[in-house]
Amino acid sequence: MPLPRARALHRVLLRVTLSAAQVYAWVFIFQFFYVRYGSIAEGIASVVLTYALAQVVTILLTPWTARALRHGFRRLMVYAVLLLASAFTVLSASFAGYLGGFGWGVGLFAVLMGAYRALYWVPYEVALVGQAREVLPSRTRYAAEILVAFMPVVAGLLLTYGPVSPIVLLSLAAVLSVVSILPLSGMRDVHEGFVWNYRQTFHELFSHSRRRMTLEAVMHGIEGAALLLLWPLVVFILLDWSYPMLGIVLSVTYLFGLFIRSLFHTPLSRASSSTLALLAASAWIMRLTVGGAVGVILVDTYFYIGSRPQQRGIDMGTYEQSADNTTFVDEHTALKEMGIALGRLLVCLLVVMLIAVMSVPLAFMIVFLCAAGAAAYSIYLGRSV
């Protein structure tokens, strides 16, 4: 099996897994803390700090994993997916009561998710006769994308079958994660050099010559944390804590965006930086006015089509974010991954500080306004010379 086919099958299986389980896993953690403390504010602060722990792990491990790419991508990809499967297994076992205190399971889940994000690098080139060539992005595989799009609603319906449903969903996600490793055996391995040592990588991240690149990555991370963690929690609460409704909203939004974005691809590709920045920022401001499922779908579809988040490495199907959109890997990609994680960490700390001194709605309003500014500024930085 050549690399493109093996990678494509692996990516489909992994994206199906993440689409079905990732958002719900963080929702489960929020609900656990809400029940434990009896307060939405405490629940939000606790799940945000858990998410922050995952970002710290990613920042600390990324220089080491990037340097390990000289030994090949495939081994790291296998380890990363095993860590992802372990994360879902730990959370499932915690719900089942096998790990004693649920808090320990949540903390370990965050550590494993951060390690998965640090180890998961996707190769972009194939070694051919002593040279390397880039694998060109293929056309959208609508069958695979539709399958990914339907997974949230399938998972949401599964979660209506009693108190053991979260355990079943997380267990299935762990199994499917392991299954996604199988195609990697047919993938030709690729090696990538990395010139910096561990300490030097952090020095380069904050060096003056790379200040613009780091700032852009941090802006991406600020928007990413608000979009991939905080916004799903807000939607879940707005929809009366309904798993099926959350799944329907996520699935319908991605399906709408999938089929409508082709109509606007050409005009948006020619749009100016100021236009795209305005579209991205306005979507976040519109989120402040949303009050139900229809509003969420319309605003998220507008955001998905108008601001082109995929250009900023955001996969709306799986609610994941990666530097360079998994199309390039070098020293700068590692710095961008660290910058994204740093931006997410900053948002988490901001949320905790705001919730400590004001109401949850006001705190989210401020954070979403910050996300609007970060989205607009990152577009400006990315498209300007």
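Predicted model: local features only at pLDDT ≥ 70, side-chain atom pairs only at ≥ 80, totals over all residues.
Helix H1 (3-37), helix H2 (40-67), helix H4 (102-119) and strand E4 (320-321) each give at least two residues to the lining of the largest cavity. Of the 16 residues around the largest cavity, Gln22, Trp26, Tyr51, Met113 and Arg344 are the closest to its centre.

- The structure contains 6 cavities of 30 Å³ or more.
- What kinds of residues make up the lining of the largest cavity? They divide into 8 nonpolar, 5 polar and 3 charged.

- H13 provides the largest share of the lining, with 6 residues.
- By residue type, the lining of the second largest pocket has 13 nonpolar residues, no polar ones and 1 charged.

**Helix H2, a contributor to the largest cavity**

- H2 is among the elements that supply at least two residues to the lining of the largest cavity.
- With 28 residues, H2 reaches 41 Å from its first C-alpha to its last, close to the 40 Å expected at 1.5 Å a residue.
- Where does H2 kink? A kink of about 40° lies at Leu61, shortly before the proline Pro63.
- At the start of H2, a side-chain oxygen of Ser39 comes within 3.2 Å of the backbone nitrogen of Ala41.

**Helix H9**

- H9 covers residues 243-269 and bends by about 50° at Leu263.
- A proline, Pro267, follows that bend within four residues.
- Which residue caps the N-terminal end of H9? Ser242 does, with a side-chain oxygen 3.2 Å from the backbone nitrogen of Met245.

**Overall fold**

- The protein chain has 13 helices and 4 strands.
- Its radius of gyration is 20 Å, close to the 21 Å that the globule rule gives for 385 residues, so the chain is as compact as a globular protein of that length.
- Along the principal axes, the C-alpha atoms of the chain fill a box of roughly 60 × 50 × 45 Å.

Conventions. Residues numbered from 1 in each chain as written. Heavy atoms only, no water. Nonpolar A, V, L, I, M, F, W, Y, C, P; charged D, E, K, R; others polar. 1 Å grid on protein atoms, 1.4 Å probe; cavity = no way out; pocket = protein on both sides within 12 Å on 5 of 7 lines; lining within 4 Å. Points joined across faces, edges and corners; volume = space filled by probe spheres on them. Bend = angle between axes of the 7 residues up to and from the residue. Polar contact = N/O pair within 3.5 Å; in protein donor to acceptor, adjacent residues only side chain to side chain. Expected span 1.5 Å × (residues − 1). Rg over C-alpha atoms; globule rule 2.2 N^0.38 Å.
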